[in-house]
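Reader: Could you take me through one part of this model up close, the packing between sheet and helices? I'd like the cut-offs spelled out as you go.

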Amino acid sequence: MDFKFEIFVLVEKPVAQVYAAVYEPQQLSKYFTTGGASAPLQAGETVTWEFHDFPGAFPVKVLKSEQKRVIAFEWEANEGGYNTTTEFSFEDLGPHTTKVTVKESGWQHTQKGLESSYGNCFGWTHMLCCLKVWLEHGINLREGSFKPSEKVA
């Protein structure tokens, strides 16, 4: 059995606006990367994400970036020593609705790998909720959600 997951949310905004909220560092930093994002998620680049509630810099190696369609990247698994692959896909469901799907896979078949996959599923679910609430209502749902020592995606 592979350790992987797929989750989604519908955002009541146009696909271009939703894609930009994930791709552009200044937007991503308003609701997710609370410590900042170093650059856009452009294919071939490695960017850094930082979080006030999970200290440290996280290198994100961008594998694919197709405007209004997909962003895929690799980053180190929570237990270290290898990378997992995350893919965001953006589906235009009409002029004011976008389906955002997040898939992640690649964990080692160990107890720590299993635990990391569940942790990241939680983290990405929270991220999608934050994205939706930010774009639809201008509220930063992540702010104050976690203690600095708690780990999230």
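**Around leucine 131**

Author: Once its neighbours within four places in sequence are set aside, leucine 131 is in contact with Val11, Val18, Ala21, Val22, Tyr31 and Val100, contact being heavy atoms within 4.5 Å. Bear in mind that this is a predicted model: local features need pLDDT of at least 70, side-chain atom pairs count only at pLDDT 80 or more, and totals for chains, interfaces and linings use all residues. Numbering starts from 1 along each chain as its sequence is written, and side-chain values use heavy atoms, with hydrogens and water left out.

Leu131 also belongs to the largest nonpolar core, which has 39 residues; Trp49, Phe88, Trp124 and Leu131 touch the most other members. A nonpolar core here is a set of buried Ala, Val, Leu, Ile, Met, Phe, Trp, Tyr and Cys residues joined through side-chain atoms within 4.5 Å. Buried means under 20% relative accessible area, exposed over 50%, and partly exposed in between (1.4 Å probe, protein chains only).

Now for the sheet. Seven strands make an open sheet, ordered E1-E7-E6-E5-E4-E3-E2, with antiparallel pairing. Strands E1 (4-11) and E2 (36-37) stand at the edges with a single partner strand each, so one side of each has no neighbour in the sheet. Strands (E, at least two residues) and helices (H or I, at least four) are DSSP runs numbered from the N terminus, and two strands pair if DSSP finds at least two bridges between them. E5 (residues 70-76) and E6 (residues 83-92) run antiparallel and are joined by seven bridges. Isoleucine 71 stands opposite phenylalanine 88 in E6.

Two helices lie across strands of this sheet. H3 (residues 111-137) lies across E1, E3 (46-51), E5, E6 and E7, running at about 10° to E1. For these angles, axes are lines fitted to C-alpha atoms, for helices over the stretch in contact, and values run from 0 to 180 degrees between N-to-C directions.

What about the cysteines? The structure holds zero disulfides, a disulfide being a pair of cysteine sulfur atoms within 2.5 Å. For cysteine 121, the nearest cysteine sulfur is that of cysteine 129, 11 Å away. Cysteine 121 is partly exposed, at 22% relative accessible area. Cysteine 130 is in no disulfide either, with the sulfur of cysteine 129 nearest at 6.9 Å, and at 0% relative accessibility cysteine 130 counts as buried.
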